[in-house]
Amino acid sequence: STILASHYVPEYLKEVMYLTVQHGYQARKLPDMLDHCNRTFSEMVPHPAQLLPPPTTVFPSQEVAMVPLDPFFAIRPEIKQRRSRNSTRKIIQTPPPQSEQEANSSQPEQKANSSQPEQQLEKEPIPLKESQPQQQPEQVQPQQQQQQQYARTIPKLENAKGRDDYLRTFRLLLQEEFEEKMMLYERYTQFQTTVNSNPSGGGAAAGCAILHIPGLSNTRPALEPGDEVLLRTQPLRAQQLQWASGANKQKINVVNSPILQVQAQVVRVVRGTWKNGKMSDDKVVITWLDPKFLHQWLVCVRFLPSTIHLQRTLEALKWIERLHPTVAQQLLFPTETPQLPIFTGAEDEGDRNDLMLAHAPTEIDNKTASMATDNTVANAPTTTSTAAAGPKLNEKQSRFVHLVLKRTRHPSRGMVRPPMILTGPAGTGKTKALLTSIIRTLQQQQQDTTTTTQNGNSNSNNTNGGTTTTSQNTTNPRLLLPKKHILVCAPSHTACDVITRRLSKSLSKEQLFRLYPSSRPIEMVPVELLPYVRMKANDETEFTLPPTQELLAFEVIVCTCSDAHILAMAGLTNSRLRIRRQQLQEHALRILQAGNMQLSGEIIGAEEPHFTHLFIDEAAQATEPESLIPMSVVVDDAPDSIKVEIALAGDPRQLSPDVYSPLAAGDLQKSLLERLLRLPEMGGRSHMMGPPTGDSWTSIGELIEYSFQKKEDHDHLSVFLTTSYRGHPSFLMMPSKLFYFDKLRSAHPPSDSADSIWCKALRKLEAASSIVNPKADKKESWPIHFRGVLGTDQSTAVESFLGSNSWSNPVEANEIVGIVQTLVSEGISTASIGIMGAFRGQVILIRRLLREKGLGAVNVGIVEDYQAVERDVIIVSLTRSNSAFLNADMEQRVGLFQQAKRMNVALTRAENLLVVVGDPAMMEQDDVWKQWLEFCYHNGFWYGIKGEKSSIS
């Protein structure tokens with residue numbers, strides 16, 4: 001049975017918690033990069049000079065609060081208090097002013113506490129007990145208020161007065177988020193479940209075991225490779241374990257034996273399949289012991305989140321702590337815009353070439369798109385994007401490419417320039433502009449080398465009367481620019497795979513390297529990317545690092561923000577490589593001196609960075625500490641070194657990073673890209689993209705303004721893309737008004753034709769219901785449909801792991817199934833239809849109903865599943881029909897009401913047809929959804945019910 005509450009354990013299983021484990025087994029560990037990093041690190045550091053610390057010390061384990069393993073199903077008491085309603089966990093913004101009398105009365109207490117070190121606030125949270133008056137027992141607090149309280153104060157990032165406050169705030173936020181995730185993993189605890197060994201499994205599953213747990217693939221947070229799994233036998237159930245060793249077989253009676261425990265790791269989670277009218281259970285593949293364990297085990301299972309990502313972010317914060325204060329300030333809180341030469345057309349030939357490169361047709365292809373016509377819709381492939389269709393960049397995309405090339409042409413030695421920011425809504429071609437910038441940067445280097453070589457050859461062959469004329473361009477400063485090596489990162493493996501696939505059209509396997517962690521299952525890697533990875537020589541399922549010289553030769557390395565830490569462990573950072581080059585330079589000079597030789601000229605290149613550029617795509621979905629991980633690889637604070645150029649691309653008005661703790665959501669859910677867009681520059685007289693305001697993820701009025709003083713783009717800093725290549729022009733109208741200050745424009749010309757297959761299918765949908773406003777000026781050619789229904793909320797929390805995400809609405813689900821059947825009958829393929837549910841519970845219900853109708857190929861998911869994914873047809877189920885749960889939805893950050901960013905994603909995923917199903921009465925309680933309803937009402941898109949108390953007229 002599945003137990004939701006972490007504090008509940010069946011009576012007959014309580015003995016499992018408190019019995020001491022006398023026989024523990026450690027399953028095989030997932031492969032990691034440490035050995036490969038040690039090999040590369042030893043090759044990076046000159047022998048015998050061991051001037052750098054070994055990479056094994058990069059994990060600050062003393063800063064990670066590890067969960068105790070005994071008792072098995074118990075979490076720390078102070079963490080469990082997080083569930084209590086009287087918890088004192090809160091964020092302290094500014095201390096309230098004290099009167100003189102209060103200040104004097106608090107002095108003894110302050111003196112008593114002044115002796116304690118300030119670092120105590122960063123240690124483990126202390127459970128507090130409320131004091132109880134002894135002389136007045138009649139005034140004792142109620143029993144629920146006498147319980148222990150969990151106290152932790154986390155300062156707001158906007159109140160940070162320096163680097164120490166900045167670091168302390170993020171360390172507390174990361175610890176808070178990890179503990180919240182650890183508590184959420186308690187929901188996945190299993191009792192009386194069976195573990196089956198899989199000794200005959202192929203690939204990464206060889207020697208693994210499988211847990212069959214229904215519904216686990218739909219959980220958030222999702223289990224990830226590397227998460228810990230604890231399995232403990234049940235002494236109260238008679239069972240036998242069979243151990244086979246050659247011809248000898250031994251049987252252990254668990255009832256009379258000590259408790260056995262196995263500690264393993266998650267390899268991957270496999271979603272169940274629909275077969276013969278039944279859904280199979282989800283599978284959790286875990287590492288296992290010797291495959292000689294042949295018998296099935298009946299065990300209790302507990303999952304613990306991996307600490308690897310936490311450790312990497314903490315190490316990035318320690319890097320910020322070691323960084324030179326001026327460099328740290330320029331990187332995180334820039335106050336000055338970079339000063340670059342103004343291009344007039346009469347400058348250096350390289351500047352003119354850069355401008356031509358920025359406006360040249362791009363080799364970067366678009367993401368796979370479904371540009372289906374009336375004759376091909378039935379076989380239309382699944383759409384992933386139509387961003388920036390066409391080989392040529394638009395004006396703003398070219399402006400960003402030119403910005404990158406110009407900052408590359410004129411590098412900085414003294415200061416670290418503020419990151420370049422490319423932002424804009426979905427479908428405007430951010431990734432295309434970013435990848436084109438990468439290709440153009442490499443072409444810039446090739447062009448400069450070719451030009452300089454040609455000039456040198458022509459001048460060396462130019463003779464006049466036997467006298468050789470020497471070119472003055474042989475010392476061209478372009479020769480002193482470092483060779484381009486680019487690090488490209490994104491928060492997820494999916495985004496990195498897309499980047500690698502698109503770059504592979506222009507770069508060879510000798511130029512491009514996709515870095516995977518060793519624990520990544522090879523089954524999750526696209527086949528076409530395998531030429532761009534490196535596998536272990538004797539194991540084709542384990543990823544590794546290439547030899548050092550090959551690794552240094554790659555022009556582009558692609559990895560997730562977190563996996564960039566692998567490069568740091570291997571010593572492949574700009575600062576460490578600079579030290580290596582300086583040592584080699586000194587060694588060369590010593591050899592010359594020992595041989596009584598004199599150097600003619602100078603040795604150049606010792607101060608050059610290896611990585612000249614860092615590009616982070618989907619930067620709005622990465623937490624700020626996560627974005628600091630790749631920066632720790634490329635930023636060098638040496639005074640005379642050439643500084644790296646950094647570019648961030650993303651849309652902060654779409655989904656933010658996944659943060660599960662309500663206490664940490666305020667600052668941790670705000671990406672570095674979003675914070676920089678709010679940051680004032682030049683003493684507050686101007687702003688990058690908008691003035692800083694009190695942030696709230698629930699209020700659309702407090703999200704970033706993309707314009708300030710009527711200015712969209714800022715020289716040498718940022719570009720805001722406004723031309724959308726996605727979907728019908730009518731889809732942009734309301735998102736542009738609601739989220740982008742009416743600045744968006746569609747690249748597709750408007751059309752009054754209603755003869756497309758999408759409009760014909762829409763007529764069928766409209767015929768199945770009645771229009772709410774018959775007098776509306778109906779736009780027949782606009783493929784938008786709203787179906788108003790009066791549903792009921794149901795929760796499946798008792799039967800699932802979903803918790804607050806378990807809500808469903810059977811009325812809406814059946815309405816959507818009918819809509820899908822109508823669309824399919826009109827020739828629209830199931831693969832081109834996507835359904836978006838507000839809750840996981842609704843997703844599971846719609847999935848089941850569709851499979852019963854033979855429509856299982858329709859993609860169904862929540863909003864997060866559709867980030868950076870599009871379909872020809874999008875059907876949105878708002879699900880919620882009871883306003884009593886709205887406040888709880890806002891606290892848990894679920895659903896589609898009062899969630900501006902999630903609503904923005906929901907309305908911008910459709911290519912050719914958008915359908916929304918929901919309760920109009922609920923929608924009118926949300927100011928943003930109410931405006932969308934008014935849009936549908938006046939344009940004749942509203943069908944179904946209206947509601948008796950509707951104020952829209």
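Trainee: Is Thr 879 buried or exposed?

Mentor: Please keep in mind that this is a predicted model. Thr 879 is buried, because its relative accessible area is 0%, and under 20% counts as buried.

Trainee: Where is Thr 879 found?

Mentor: Thr 879 is in the loop between β34, residues 871-877, and α23, residues 886-892. Its backbone deserves a look as well: Thr 879 is not a glycine, yet its phi is positive, at about 70 degrees.

Trainee: What about Gln 898, which also has a positive phi?

Mentor: The phi of Gln 898 is about 60 degrees, although Gln 898 is not a glycine. Gln 898 sits in the loop between α23 and α24, the latter covering residues 900-907. With a relative accessible area of 25%, Gln 898 is partly exposed, whereas Thr 879 is buried.

Trainee: Let us turn to strands. How many residues of β35 are buried?

Mentor: Eight of the nine residues in β35, which spans 910-918, are buried, so the strand is mostly covered.

Trainee: Which sense does β34 take when it pairs with β35?

Mentor: The sense is parallel, and six bridges hold the pairing. Ile 875, for example, has Val 915 in β35 as its bridge partner.

Trainee: How many bridges join β29 to β35?

Mentor: Five bridges join them; β29 covers residues 784-788, and the two strands run parallel. Within this pairing, the bridge partner of Arg 787 in β35 is Val 917.

Trainee: Changing topic, where is Ser 412?

Mentor: Ser 412 belongs to the loop between α10, residues 395-409, and β14, residues 420-423. Ser 412 counts as buried because its relative accessibility is 8%, and the cut-off for buried is under 20%.

Trainee: What lies 2.6 Å from a polar atom of the Ser 412 side chain?

Mentor: That is the backbone oxygen of Met 415. If neighbours within four places in sequence are left aside, Ser 412 is in contact with Arg 417, Ser 641, Ile 642 and Lys 643.

Trainee: And the surface? Which residues make the nonpolar patch of about 200 Å²?

Mentor: Leu 589, Leu 599 and Ile 603 make that patch. Leu 599 is in the loop between α15, residues 574-594, and β22, residues 613-616.

Trainee: Why is Leu 599 called partly exposed?

Mentor: Leu 599 is called partly exposed because its relative accessible area is 37%; that class lies between buried, under 20%, and exposed, over 50%.

Trainee: Which peptide bond is cis, with omega near 0 degrees?

Mentor: The bond from Arg 220 to Pro 221 is cis. Pro 221 is in the loop between β5, residues 208-212, and β6, residues 228-233.

Trainee: Finally, the whole chain. How many helices and strands are there?

Mentor: The protein chain has 26 helices and 36 strands. It contains 953 residues, and 54% of them count as buried. The accessible surface of the chain comes to about 41600 Å², and 50% of that belongs to carbon and sulfur atoms.

Trainee: What share of the contacts between residues at least 6 apart in sequence joins residues at least 24 apart?

Mentor: In the protein chain, that share is 78%.

Key
Residues are numbered from 1 along each chain as its sequence is written. This is a predicted model: local features need pLDDT of at least 70, side-chain atom pairs count only at pLDDT 80 or more; totals for chains, interfaces and linings use all residues. Side-chain values use heavy atoms; hydrogens and water are left out. Patches are made of residues with over 30% relative accessible area and no salt bridge: like charges are joined within 9 Å, nonpolar side chains (Val, Leu, Ile, Met, Phe, Trp, Tyr) within 5 Å. Accessible areas come from the Shrake-Rupley method with a 1.4 Å probe; for residues, only the protein chains shown count as cover. A salt bridge is a side-chain nitrogen of Lys or Arg within 4 Å of a carboxyl oxygen of Asp or Glu. Helices (H or I, at least four residues) and strands (E, at least two) are DSSP runs, numbered from the N terminus. Buried means under 20% relative accessible area, exposed over 50%, partly exposed in between (1.4 Å probe, protein chains only). Two strands pair if DSSP finds at least two bridges between them. Contact means heavy atoms within 4.5 Å. A polar contact is a pair of N or O atoms within 3.5 Å; within protein, one must be able to donate a hydrogen and the other to accept it, and residues adjacent in sequence count only if both atoms are side-chain atoms.
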